[in-house]
Amino acid sequence: MADLVSVNYTKYDGTLHWNLRMRRLGEDDHGVWLGLPGGTFMRKGYGPMVPIACAHVILFPREAWWTATFNAPPRDTEIYCDIASPPKWVSSHEVTMVDLDLDVIRKRDGRTLLDDEDEFAEHQVRYGYPADVIAEAEAAAQWLMDAVGGRAEPFGKACEPWLGMVDGERP
């Protein structure tokens, strides 16, 4: 059985945000890849379990201010990037990062969108984001808009073998 990893996104004040357990698939030049088949679950904080209909993989890059989720069809969101603090591996079985609100999304029809700018502005005040955190988040969002929209790797075909490892599996 593959190693399971606890994936814990928090907010800047340390409160638990989205969290789930995923299977370690491996790593490459882009970072560490974790995945789950459709029919699994995740949670927001300590709330109820939320079903995940389609297989997906998440890339945790090394020293970058984002994570990227790649969804199997028919999900209309192909790629969902969370702007976050660089992933911190607490142990080989736990990764954590601070969600910084901004998201870069690529739809299956090719549109690339920047989402939650209002939440980012609101949380800068609520949580007191330092200037360097704001600058890193904004730079990551701009870089992702260009890379994801332009299908630069890892936002081209790099996810395909990883997604193939979990697509069609049963939980």
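**Exercise 1. Find the bridge partner of Val7 in β10, then work out which strands pair with β10.**

*Solution.* Start with Val7: its bridge partner in β10 is Val95. Keep in mind as you go that you're looking at a predicted model.

Step 1. Now try β9 (residues 88–91), which runs antiparallel to β10 and is joined to it by 3 bridges. Trp89 has Val95 as its bridge partner in β10. Val95 turned up in Step 1 too, as the partner of Val7. Between β9 and β10 there are 2 residues, and the two strands form a hairpin.

Step 2. Go on to β8, which pairs with β10 in the antiparallel sense over 6 bridges. Here Cys81 has Val104 as its bridge partner.

Step 3. Finish with β11: it's antiparallel to β10, with 4 bridges. Val104 stands opposite Leu114 of β11. These two strands also make a hairpin, this time with 4 residues between them, and Gly110 in the turn has a positive phi of about 100 degrees.

**Exercise 2. Decide how many of the 14 residues of β10 are buried.**

*Solution.* Count along the strand and you get 13 of the 14 residues buried, so β10 is mostly covered, with "buried" meaning under 20% relative accessible area.

**Exercise 3. Describe helix α2 and say what its buried residues pack against.**

*Solution.* 

Step 1. Get the length. α2 covers residues 131–149, which makes 19 residues, and it reaches 27 Å from first C-alpha to last, close to the expected 27 Å.

Step 2. List the buried residues: Val133, Ile134, Ala137, Ala140, Ala141, Leu144, Ala147 and Val148. Look at the spacing with this in mind: an α-helix has 3.6 residues a turn, so residues three or four places apart point the same way.

Step 3. Find the partners. The buried residues of α2 pack against β7, β8, β10, β11 and α1.

Step 4. Check what follows the helix: just after α2, Arg151 takes a positive phi of about 60 degrees.

**Exercise 4. In the largest nonpolar core, find which residues touch the most other members and which element gives the most.**

*Solution.* 

Step 1. This core has 34 residues, and Val57, Phe70 and Phe155 touch the most other members.

Step 2. At least two residues each come from β6, β7, β8, β10, α2 and α3. The top giver is α2, with 8 residues.

Step 3. There's a second, separate core as well: it has 15 residues, including Val7 and Val95.

Step 4. Zoom in on Val57. Beyond its neighbours within four places in sequence, its contacts include Leu25, Trp33, Phe70 and Trp162.

**Exercise 5. Say how many aromatic pairs there are, and describe the pair formed by Trp66 and Trp143.**

*Solution.* 

Step 1. The count comes to 10 aromatic pairs.

Step 2. Trp66 and Trp143 are 5.9 Å apart centre to centre, with 20 degrees between the planes, and that pair is stacked.

Step 3. Trp66 is buried at 7% relative accessible area, whereas Trp143 is partly exposed at 43%.

Step 4. Widen the view: ring pairs link Trp33, Trp66, Phe70, Trp143, Phe155 and Trp162 into a cluster.

Notes: Residues are numbered from 1 along each chain as its sequence is written. This is a predicted model: local features need pLDDT of at least 70, side-chain atom pairs count only at pLDDT 80 or more; totals for chains, interfaces and linings use all residues. Side-chain values use heavy atoms; hydrogens and water are left out. The expected span of a helix is 1.5 Å times one less than its number of residues. Buried means under 20% relative accessible area, exposed over 50%, partly exposed in between (1.4 Å probe, protein chains only). Contact means heavy atoms within 4.5 Å. Two strands pair if DSSP finds at least two bridges between them. A nonpolar core is a set of buried Ala, Val, Leu, Ile, Met, Phe, Trp, Tyr and Cys residues joined through side-chain atoms within 4.5 Å. Rings of Phe, Tyr and Trp (its six-membered ring) pair if their centres lie within 6.5 Å; planes under 30 degrees apart count as stacked, over 60 as edge-to-face and the rest as tilted.
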